Amino acid sequence: MFRMDNIAIWLRRSLILLFWSLLLSVSLHVSLRAQDAQPGVHTKALSDSTRRVAFDRGAFFGPSAAMPDWNNGYLTSRAVETFEAGVPNVRLYGASGQMVREAAIWFPGSSRVIIYSATATADGGIIAGGHAEKPDGSAGLFIALINSAGKITNVIQTKGFVPGNICQGPDGTVWSFGGTGYATDSEPNPGETLRHFDFQKGEIGSYLPRSVFPKHPSPDMHAYIRCSVNEVVAYSATAHEYIEMKYAGDAPHVYHAEAPSGLRLLGFAATGSKKIYGYFSLLDTGGLYYLSFNEAASTVSWVPIEGTVGVYTRPGRITGLWGSDGNNLLVSRAEDSAGEMAIHWVTTLQ
């Protein structure tokens, strides 16, 4: 029989949960109102969906699956770790939502391969950054190029540099925002965090010393990078820094950009110069934000896009950001019965 003391416990827990839910709602509302009140900040909203595609479940779920990214006309899905040869760890899904290509990235003598980041190339191949471990505990860091047949054709060994986030520039070269590892005394190893690679020449550029970032956590954790027509951009949610590097420039421009309070970065996209978007979430709350730039102060702030931020049970809330396709953002909507597996093409309105 259900005892009265059990009922009392249940009621007390319910009241506690209700209290924290209301507190989160009020805090988020106050935060949004404060951001809306910033001088010079223009309100943005989202258009209706111009296209909807329900993707195969394998693009989002599977053993050690990471969140996918859309680049160059494909949704790239990766398994973080594999333990034997012949096991696919990167897959490409086309605009129809079905898998069109897969690759099993592995090196002879390995006992485990970890894929940090992967992206589709302009010609339908794959570029992946990661490390391969041997049974004796030694490991090699790499950026690999895989052709449209799923075969590795080129490998760059990135000794001492962890290629945590990668993208392909319009000239076919690779940019990576990554880490330098730690010495035995937990001090970060010296080196640059933004690097430029060519598959024929190796490393051809390096920027932003690790020393300009806090010791812990590593700035490449919870970070994203995107290559556009004229520049490469990255955002580190742990260091709260937005990085912008013109291909024709000789140094990156770094802006301080605090993440929305209490939320975690889970998606990032760029649709053009100074058109940067992020998806932030925690538990059942989150949504879509854009960067508002204050050039005079060299700072930027994340501002919510109207109607997209809040508890996910509300219509209009955004539950995922997978990348950009031209001027379109690829998002998931809370009201879609297929959940995050249904991706919508939308644009921003101002």
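**Exercise 1. Aromatic pairs**

Task: State how many aromatic pairs a search of the whole structure finds, and classify the pair of F107 and F142.

Solution. 
Step 1. The search returns 16 aromatic pairs. Rings of Phe, Tyr and Trp (its six-membered ring) pair if their centres lie within 6.5 Å; planes under 30 degrees apart count as stacked, over 60 as edge-to-face and the rest as tilted.
Step 2. The ring centres of F107 and F142 are 4.9 Å apart and the planes stand at 65°, so this pair is edge-to-face.
Step 3. F107 belongs to the loop between strand 7 (99-103) and strand 8 (112-120), and F142 to strand 10 (residues 139-146), so the pair ties together parts 35 residues apart in sequence. Strands (E, at least two residues) and helices (H or I, at least four) are DSSP runs, numbered from the N terminus.
Step 4. F107 counts as buried at 17% relative accessibility, and F142 is buried at 3%. Here buried means under 20% relative accessible area, exposed over 50%, and partly exposed in between (1.4 Å probe, protein chains only).

The model is predicted: local features need pLDDT of at least 70 and side-chain atom pairs count only at pLDDT 80 or more, while totals for chains, interfaces and linings use all residues. Residues are numbered from 1 along each chain as its sequence is written, and side-chain values use heavy atoms, with hydrogens and water left out.

**Exercise 2. Y242 and its ring partner**

Task: Classify the ring pair of Y242 and F293, and decide whether Y242 is buried or exposed.

Solution. 
Step 1. For Y242 and F293, the centres lie 5.6 Å apart and the planes meet at 70°, so the pair is edge-to-face.
Step 2. Y242 lies in strand 18 (residues 241-246) and F293 in strand 22, so parts 51 residues apart in sequence are tied together.
Step 3. Y242 counts as buried, with 0% relative accessibility.
Step 4. Elsewhere among the rings, pairs link Y235, F280, Y289 and W302 into a cluster.

**Exercise 3. The nonpolar cores**

Task: Identify the residues that touch the most other members of the largest nonpolar core, and the strands that each supply at least two of its residues.

Solution. 
Step 1. A nonpolar core is a set of buried Ala, Val, Leu, Ile, Met, Phe, Trp, Tyr and Cys residues joined through side-chain atoms within 4.5 Å.
Step 2. The largest such core has 19 residues, and Y235, Y242, I276, F280 and W302 touch the most other members.
Step 3. At least two residues each come from strand 17 (231-236), strand 20 (264-272), strand 21 (275-282), strand 22 (285-294) and strand 23 (299-304). Strand 20 contributes the most, with three residues.
Step 4. Beyond residues up to four places away in sequence, I276 touches V233, Y242, F268, A269, A270, Y289, Y290, L291, F293 and W302. Contact means heavy atoms within 4.5 Å.
Step 5. A second, separate core holds 17 residues, including V113, A118, F142 and A144.

**Exercise 4. The disulfide**

Task: Locate the disulfide that includes C167 and give its handedness.

Solution. 
Step 1. With a disulfide taken as a pair of cysteine sulfur atoms within 2.5 Å, the count is one.
Step 2. This bond joins C167 to C227, with an S to S distance of 2.0 Å.
Step 3. The angle about the S-S bond is 65°, and the link of C167 and C227 is right-handed.
Step 4. C167 is in strand 12 (residues 162-168) and C227 in strand 16 (residues 223-227), distant parts of the chain 60 residues apart.
Step 5. C167 is buried, at 5% relative accessible area.

**Exercise 5. Charges over rings**

Task: Name the rings whose faces lie under K44 and R51.

Solution. 
Step 1. A charge sits over a ring if NZ of Lys or CZ of Arg is within 6 Å of the ring centre and within 35 degrees of the ring normal.
Step 2. K44 lies over the face of Y290, 5.2 Å from the ring centre.
Step 3. R51 lies over the face of W345, 4.7 Å from the ring centre.
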